[in-house]
Amino acid sequence: MPELPEVETIVRDLRPVLVGKKIVTFKVTKQRLLKNPLGQFKKFMIGATIFSVGRRAKLVLIGLSSGYTLLIHLKMTGQLVWRGSSGKIRLGGHPIVGVAAVPNRYTYITLGLAGGGKLYFNDVRTFGYFQLVKSELLAKHHLKFGPEPLTKNFTAAVLRQRLHGHPRVSIKAALLNQAVLAGLGNIYVDESLFAAGLKPSRRVGKLKSAEFIKLWSSIKQILSQAVRTRGTSFNNYRDGFGRKGTYWEKRWVYGRRGEPCRRCSRPISRTVLAGRGTHYCSNCQR
Ligand SMILES: [Zn+2]
């Protein structure tokens, strides 16, 4: 599943081609991808102009002149493909063979834009969704998410306070919880914990003050680096231009079981925590 850096990359790529465009058609062939009734999508999307493209947690947010915001979650296999009237393509998410061939059999939602551009949503496993939320209620909708780790407001004290209510869970499980902190998933939790020198199984309640600070700075550093390198490409993720992100080549631990630690050369371990494959160095992380 794309995490914060990958969704941020898609958003930055799509923003310049979508903002200012008027939506003229909205076509859906699999209604269960819609969280609101189809009529509502048609009413508040057709004729509306896109005035913002943003991100909250792992959601793409498309602000509309109708007073609604379109929320798109790519989940496991969702893919957004924009094709301009000249045939130019930008995409993000899961690629399908022959990405240039849109629509294809996995295209379930199509937004037609004034001027001839189109935004396609493809989803092989159909776990993704489209949701319309009144823009004025967006802040309330977002309350279920913890703070955004790349904002100035996210301080070490905020991290400590967010983790405070979960003393008995492992730090890995706590960081995967979107209500604690928004946007982190399996890859960047493992990477941040390596950078912080913390074993993923450590109980939150056992962390010392200095460890919270180290963890906070590690999360910021790992995520910033991942955004700069356009995220991680593994499995089927591609950035907004269909390119692979390069974070994958530089990753510390994730998916590196048995390979030498980049710091101490001992083999990287793998275990299962919070139901997820978890990678760490038993020597560098305590
Ligand atoms: Zn090591």
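The zinc ion sits in a tetrahedral site, with angles of 100 to 114° among its four donor atoms. Here, four donors count as tetrahedral if all angles lie between 85 and 135 degrees. The model is predicted, so to speak of local features a pLDDT of at least 70 is needed, side-chain atom pairs count only at pLDDT 80 or more, and totals for chains, interfaces and linings use all residues. Residues are numbered from 1 along each chain as its sequence is written, and side-chain values use heavy atoms, with hydrogens and water left out.

Let us stay with the metal for a moment. Cys261 (SG), Cys264 (SG), Cys281 (SG) and Cys284 (SG) coordinate the zinc ion at 2.2 to 2.4 Å. Donors are N, O and S atoms within 2.8 Å of the metal (3.2 Å for Na, K and Ca), and sites may look incomplete because water is not among the atoms. Along the chain, the zinc donors follow the spacing C-x2-C-x16-C-x2-C. Cys281 and Cys284 are both buried, meaning under 20% relative accessible area (1.4 Å probe, protein chains only).

Now for the overall layout. The domain assignment, which is automatic or from a database, gives domain 1 (4-144) and domain 2 (156-280). Their C-alpha centres lie 28 Å apart.

Two open sheets come next. Strands (E, at least two residues) and helices (H or I, at least four) are DSSP runs, numbered from the N terminus, and two strands pair if DSSP finds at least two bridges between them. Five bridges pair β5 (residues 78-83) with β6 in the antiparallel sense, and Arg83 stands opposite Ile89 in β6.

The other open sheet has four strands, ordered β2-β3-β4-β9, and its pairing is antiparallel too. Its edge strands, β2 (50-56) and β9 (129-134), each pair on one side only. The twist in this sheet averages 25° from one strand to the next. Strand β4 (residues 68-73) runs antiparallel to β9, joined by six bridges, and Phe130 in β9 is the bridge partner of Ile72.

The angles run from 0 to 180 degrees between N-to-C directions, with axes fitted to C-alpha atoms, for helices over the stretch in contact.

Finally, which residues of α6 are buried? In helix α6 (residues 186-196), 11 of its 11 residues are buried, including Asn186, Tyr188, Asp190, Phe194 and Ala196. Among the elements that cover them are α1, α5 (171-176), α7 (209-228), α8 (247-250) and β11 (276-280), where contact means heavy atoms within 4.5 Å. After α6 comes Gly197, with a positive phi near 70°.

How values were computed: Tetrahedral: all angles 85-135°; square planar, octahedral: opposite > 155°, others 65-115°. Buried < 20%, exposed > 50% of the residue type's maximum accessible area, 1.4 Å probe, protein only.
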